[in-house]
Every structure is written in structure tokens, then in C-alpha cells.
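Please keep the sequence and the model in view while reading.

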Amino acid sequence: MATGSTLGHVALWNLEERCLSSTLRHAHDGSVTAIRFLQSQPLLISTSPDNSLKIWIFDQPDGSGRVLKSRCGHSGPPCRIRFHGARGHTILSAGQDRSLRMTSTIRDAQSCELSQGSFLKQSKNLGVKMEELKLPVIVDFASDETRQRDWDGIVTCHYGTSDVRTWNFQNKCIGKHILKPKNEVKDSAAQVLYAWQNY
């Protein structure tokens, strides 16, 4: 039997021995609203208001589960949405959930959130939610696909800071650079343009 919690955990119970078997901690970023096993298969489907649906498979030696497939979007309202590249097959979007996502209009399986680093281990060590370790909300961004295999092709500016971050589209992750404008720029669009021109 499986039960979901308002904290996003999924508990798995052994009914024969009447005990807790294992726990999928932080299975979702919001409360688990529905879970269901697929008949005669070691698969569990879970959903949450964090705008995600996940399929878990129980094939580990200790009987614990791992994510087999997942589909998700922004868990908060999007702030900025733009096409990336000339062909219009890719959409970049920033949301109030403090994430930057890539959505493919051709193949949904290629859609993903651009990584900000490994938060799972940090969140366990610090005892905080993964969301709290993310960068502040992105208020504006710009991108260019020119030579995106060679360098970071996306820049973002964030709420409450004048620092501008770079992102690598090819590796789907945050870049190595933090751009700091010489003069404080208040307007977010001007900040992105300034950083992009001086990158």
C-alpha cells in the first residue's frame, strides 16, 4: 500500500508485516494529491499541484523506488516566455517557482528544467526544501543560439539582485559566469540588454 503526504512524501507500507517498508522523500514539491499502482506491474503513478506527474518503478534490491518517467511544468505562474532560436522549435520560460524551463514543440520528451546544481544533497544536509536553495525569481532573460555549443547562450536577471547569471543551453544547466554591471541598472530589461552586450 502507498500513501501520500501534504509534504510531498510517499510512504510504502508492507501490509503482511504491518509496517512501513520505505519512503520516497520529496517525491513532489507540493502535496501528493493522487497515487495509484498499475495492476500486475511494479509501477506507481503520483500527481501533485506542483504540476507534475511521475511514474515510479520498484526494481531496487532493497525494494525502494526510483523515478522511471516524469512530465512536469512550472509549479508557479510563468513570468517570461520566449522562443529560442530561429526555427521556433524551442520555448524558454521563467516562472515564479524560481526555475528556467525548456519546452520542445516537436518532442515533449526533450522538455526539461535547466539545472541549477545538485540541491537534493544540500537540502538534506541543511534540512530545508530544495526550492529554498534555488536562485531568486527570474524577472527577464535573453538568449541566442549562435555558437551555443561553445559558450553560454542565455542570460537571466533575478529579483532583488543586480547580478546576471549565464546558462548553457547545450548542457541544460546554469553557466559558470556571474555578470556584475559596473553601474547599478534598475530596469530588468535594460539590465539583461546591458549584460548581453558586455558579455
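Predicted model: local features only at pLDDT ≥ 70, side-chain atom pairs only at ≥ 80, totals over all residues.

In sorting residues by type, Ala, Val, Leu, Ile, Met, Phe, Trp, Tyr, Cys and Pro count as nonpolar, Asp, Glu, Lys and Arg as charged, and the others, Gly among them, as polar. By that scheme, the lining of the second largest pocket holds four nonpolar, eight polar and four charged residues. The space in this pocket comes to about 310 Å³. Its lining is made of 16 residues, and Arg87, His89, Thr90, Gln110 and Phe169 are the closest to the centre.

Helix H2, residues 188-197, has the lowest confidence, with a mean of 60, while the highest is found in E5, at 95.

Strand E5 spans residues 43-48 and includes Ser46. Is Ser46 buried or exposed? Its relative accessible area is 0%, and because buried means under 20%, Ser46 is buried.

Which side chains make polar contacts with the side chain of Ser46? One belongs to His28, at 2.7 Å. Another belongs to Trp56, where the polar contact is 2.9 Å.

Terms used
Residues numbered from 1 in each chain as written. Heavy atoms only, no water. Helix = DSSP H or I, 4+ residues; strand = E, 2+ residues; numbered from the N terminus. Buried < 20%, exposed > 50% of the residue type's maximum accessible area, 1.4 Å probe, protein only. Polar contact = N/O pair within 3.5 Å; in protein donor to acceptor, adjacent residues only side chain to side chain. 1 Å grid on protein atoms, 1.4 Å probe; cavity = no way out; pocket = protein on both sides within 12 Å on 5 of 7 lines; lining within 4 Å. Points joined across faces, edges and corners; volume = space filled by probe spheres on them. pLDDT = per-residue confidence, 0-100.
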